Every structure is written in structure tokens, then in C-alpha cells.
Amino acid sequence: MITEIRYIGGPTAVLTLGGLRLITDPTFDAPGEYPVGSRKLTKTTGPAVPPSDIGPIDAVLLSHDHHPDNLDTAGRSYLAQTPLVLSTPSAHARLGTPVHPLPAWAHIDLPRPDTGAALRVTAAPAMHGPRGSEPLVGEVTGFVLSGEGLPKVYVSGDNASLDLVREIAGREGPFDVVVLFAGAARTPLVPDAPLTLTSEQAAEAAVILGARHVVPLHFEHWGHFTQDGPTLTKAFAEAGLTDRLHLLTPGASVRL
């Protein structure tokens, strides 16, 4: 069974698996400055594909709702057009319906149109920064996708913890495909540590997870990223993992 991933831009991609189409962290706003409390995040590039060209979506995998680089104004409007949004309990508290809350390790089974079996979506723990930063950065989640005859897929969300990667690997691994949010994001909110995986940590995570294929997201198109595509290419090459890395250009797809 083949997984197809289409990169829209930033943290946004469309995953097709078991006849279902899932979209990660929908962000469709134009470049500009976007407030987060008293601070601002700068978006440098808009999406390669507008929401009107995405096509029908069965569910949204929303790592978190409270940062505009993961859910922006257009993304919030997009949620109203989708039948199901899977995210954190705190996102449900803020957004209400249509968010279905999934605490860590909870799951939901989505009926598959291809076989009538289920695609299981399991919430994977995530930490958006160093240990102890949770009160500042808020609750985030990743996702594990699995099902009979399907590749096993991990979507990290904005996770910066390799300890959690090890926990996920021990409980759910190995994985056929991992979608890793990278970019080593840094903001004054937590000045001394990255809020997402560095390129080197992404390569290490690929090994820990036993990943056959790695598709990075959320490493470009915002000013607070300190690493990018070339640093990912370099880190995976130095780790001997070049053949596992699929670095997509915005708008492009890969079938795995």
C-alpha cells in the first residue's frame, strides 16, 4: 500500500493513505507579520497550493491551534469546511467543535473507503521546546497512523524531544514513513533552546524510529527557523541516511 504526501508549505501537507486524505496543520495566509501575544512571527512565503485546490479532506491532523505558524486565519476558516479535526484537549477547549480531542495515546478509528477496514489515528506525545517550557509554549501533539495492510506513519508535530521520540519508537515503531517538523525554531519566548527538532536531531530521530522514509515539514517559510533544507540534506548525508530523506519543494508530491 502506497502513501502519498503533497507538500503545501510550512507545516501543511496532504497525506493520502488507505483511501483517506488527511491534511496537517493548515496554514494558507499570505506572507506578513502575525501576532503571538505581545510578539510577532514573520511569514516569508505563502502556500504553494490554495485551499480551493486541495480537494476533499477526510480529517485534519492539527498539532496545535495557538500559534499562527501552525494554524492561521485562513486555516481556521478551513477547519469549518472539514468533517473532522483531530487535536489536543486544550485545542478542543479553545475551538470547540469540530475538534475531536485526543489525549496522548488515545486513538480514533476512521473507516477506510478502500477496504472498509479502519485507519487508526493515535495521538503521540510531543513537547514544543525543552523540558519545563510547557507552560510557555502550550500543549502540542503528534500522530501515529496505522492499519491493516497500510504503511505505519508518524507525524511529529512541533516536537523537540528525542526522549519522546524514543518512547514513541518503543511503543509504536518501527515506522515506514515519518513526517518530521524540523527547522530548529527559536523565539525570545524560550531563548536558550530550539522549539522544534534541529536537522541533526531529525536525522537521529529517523534512526531511533527505524524510518524507511523521512519527509521534513515546517523548516522553512517563517523567520524564526534557524535551519533549513540544506542543513537537513547535510545532516542526513553525514548520518548516512541520504537515501531515506525526501526533501520536497512546495507543491510537489512523493509516493512512498
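Predicted model: local features only at pLDDT ≥ 70, side-chain atom pairs only at ≥ 80, totals over all residues.
Residues are numbered from 1 along each chain as its sequence is written, and side-chain values use heavy atoms, with hydrogens and water left out. Local features need pLDDT of at least 70 and side-chain atom pairs count only at pLDDT 80 or more, whereas totals for chains, interfaces and linings use all residues.

In soluble globular proteins, nonpolar side chains tend to be buried together. A nonpolar core is here a set of buried Ala, Val, Leu, Ile, Met, Phe, Trp, Tyr and Cys residues joined through side-chain atoms within 4.5 Å. Buried means under 20% relative accessible area, exposed over 50%, and partly exposed in between (1.4 Å probe, protein chains only). The largest nonpolar core has 55 residues. Ile5, Val121, Leu145, Tyr154, Leu180, Leu209 and Phe236 have the most contacts inside this core. Another core, of 15 residues, lies apart from it; Phe28, Val49, Leu79 and Val85 are among its members. Contact means heavy atoms within 4.5 Å. Beyond its neighbours within four places in sequence, Leu145 is in contact with residues including Leu15, Leu61, Leu119 and Pro151.

Helices (H or I, at least four residues) and strands (E, at least two) are DSSP runs, numbered from the N terminus. In α5 (199-209), the buried residues are Ser199, Ala202, Ala203, Ala205, Ala206 and Leu209. They cover an arc of only 160° around the axis, which puts them on the same side of α5. The arc is that of the directions from the helix axis to the C-beta atoms. These buried residues pack against β12 (153-155), α4 (162-172), β13 (177-181), β14 and α6. Gly210 follows α5 and has a positive phi, near 65°.

Helix α6 (residues 229-238) buries Gly229, Leu232, Ala235 and Phe236. Seen down the axis, these residues fall within an arc of 125°, so they line one face of the helix. Pro230, Lys234 and Glu238 are exposed on the face turned away from the buried side. The cover over the buried residues of α6 includes α5 and β14 (213-217). Just after α6, Gly240 takes a positive phi of about 70°.

Strand β14 contains Leu217. Leu217 is buried, at a relative accessible area of 1%. Contacts of Leu217 beyond four places in sequence include Tyr7, Pro11, Val179 and Phe181.

Pro130 sits in the loop between β10 (118-125) and α3 (134-137). Pro130 is partly exposed, at 29% relative accessibility. Outside four places in sequence, Pro130 touches Val190, Ala193 and Pro194.

A cavity is a set of points on a 1 Å grid over the protein atoms alone where a 1.4 Å probe fits but cannot get out; lining residues have an atom within 4 Å of a point. Grid points are joined across faces, edges and corners, and a volume is the space filled by probe spheres set on the points. Three cavities of 30 Å³ or more are found.

Note on methods. 1 Å grid on protein atoms, 1.4 Å probe; cavity = no way out; pocket = protein on both sides within 12 Å on 5 of 7 lines; lining within 4 Å.
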